[in-house]
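Student: I would like to learn how to read a protein model. Can we go through one together?

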Amino acid sequence: IYEVGRDRKGSYYSTMKLVHGYTLREIFDYRERYDLTQLIGVIEQIAQALAYAHAHGVAHRDIKPENILVGPYGEVVLLDWGLAKVWRRDGSSTQDLYSTDSLSNLDKTITDHGQLQGTLCYMSPEQIKRDPDISFSTDIYSLGSVLYELLSGRTPFVGEKSYEILEAVENHVPAKPSEVGDYPVPRMLEKIC
């Protein structure tokens with residue numbers, strides 16, 4: 001819940017609901033404490049949030065464990081809509097934030113204006129290519145990458161340098177989660193992933 005208003009002196013203010021909890025990244029750091037069913041429940045809730053956003057013409061474009069908050073009672077919140085792309089009813093979209101700056105200084109763990117936006121390990125090939133026709137499928141790809149990490153304990157693609165990850169996302173298929181992870185992976189979940 002987000003509110004914007006003016007105080008009695010005419011100054012603008014904004015408020016947001018305070019939500020306590022842990023990011024999915026923090027939960028992944030203590031993966032052994034959580035049941036697979038609980039973790040899949042988080043993915044399901046994010047998928048429902050994305051289905052709602054997509055039905056209303058909005059793509060999040062920055063799905064990653066750091067942007068998923070799990071509250072103490074199991075409530076799940078998708079954070080950081082700062083990179084969202086919104087389509088109008090006529091099919092046109094809001095101005096895209098992508099820039100044409102070099103990728104050479106890109107850090108694989110941050111989101112930064114003026115650079116390729118999103119976090120590399122979770123970005124879809126169309127995000128990496130800065131495709132102006134990017135669609136809601138970019139969020140589905142990113143959520144699949146989060147699911148992959150949930151199942152295997154690592155991101156689909158790894159590399160020391162950002163260009164290695166970029167190249168892998170664009171040109172390779174990751175190994176099956178069951179082949180690289182330490183946890184047993186149900187066959188159906190692996191197929192979905």
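Student: In what order do the elements of the protein chain run from the N terminus on?
Tutor: This is a predicted model: local features need pLDDT of at least 70, side-chain atom pairs count only at pLDDT 80 or more, and totals for chains, interfaces and linings use all residues. Residues are numbered from 1 along each chain as its sequence is written, and side-chain values use heavy atoms, with hydrogens and water left out. Helices (H or I, at least four residues) and strands (E, at least two) are DSSP runs, numbered from the N terminus. The order is β-β-β-α-α-β-β-β-β-α-α-α-α-α.

Student: In what order do the three strands of the open sheet stand?
Tutor: Two strands pair if DSSP finds at least two bridges between them. β5 (residues 68–70) and β6 pair over three bridges, in the antiparallel sense. β3 (22–23) and β6 (76–78) each have a single partner strand, so they stand at the edges. The order is β3-β5-β6.

Student: Which residue in β6 stands opposite valine 70?
Tutor: Strands of a sheet pair through backbone hydrogen bonds, either parallel or antiparallel. Here the pairing is antiparallel. The residue opposite valine 70 is valine 76.

Student: Which residues does isoleucine 43 contact, leaving aside its neighbours within four places in sequence?
Tutor: Contact means heavy atoms within 4.5 Å. Isoleucine 43 is part of the meeting of α2 with α4. Its contacts are Leu24, Leu143, Val146, Leu147 and Leu150.

Student: Are α2 and α4 roughly parallel or antiparallel to each other?
Tutor: Axes are lines fitted to C-alpha atoms, for helices over the stretch in contact, and angles run from 0 to 180 degrees between N-to-C directions. Under 35 degrees counts as roughly parallel, over 145 as roughly antiparallel, 65 to 115 as roughly perpendicular and the rest as oblique. The two helices pack at about 175°, with axes 11 Å apart. So α2 and α4 are roughly antiparallel.

Student: What percentage of the residues of the protein chain count as buried?
Tutor: The chain has 193 residues. One buried example is arginine 61, with a relative accessible area of 3%. Over the chain, the share is 39%.

Student: What is the phi of arginine 61?
Tutor: Most residues other than glycine have a negative phi. Arginine 61 lies in the loop between β4 (58–59) and β5. Its phi is positive although it is not a glycine, at about 70°.

Student: Is aspartate 80 buried or partly exposed?
Tutor: Aspartate 80 sits in the loop between β6 and β7 (85–86). Its phi is positive too, near 55°. Its relative accessibility is 39%, so aspartate 80 counts as partly exposed.

How values were computed:
Buried means under 20% relative accessible area, exposed over 50%, partly exposed in between (1.4 Å probe, protein chains only).
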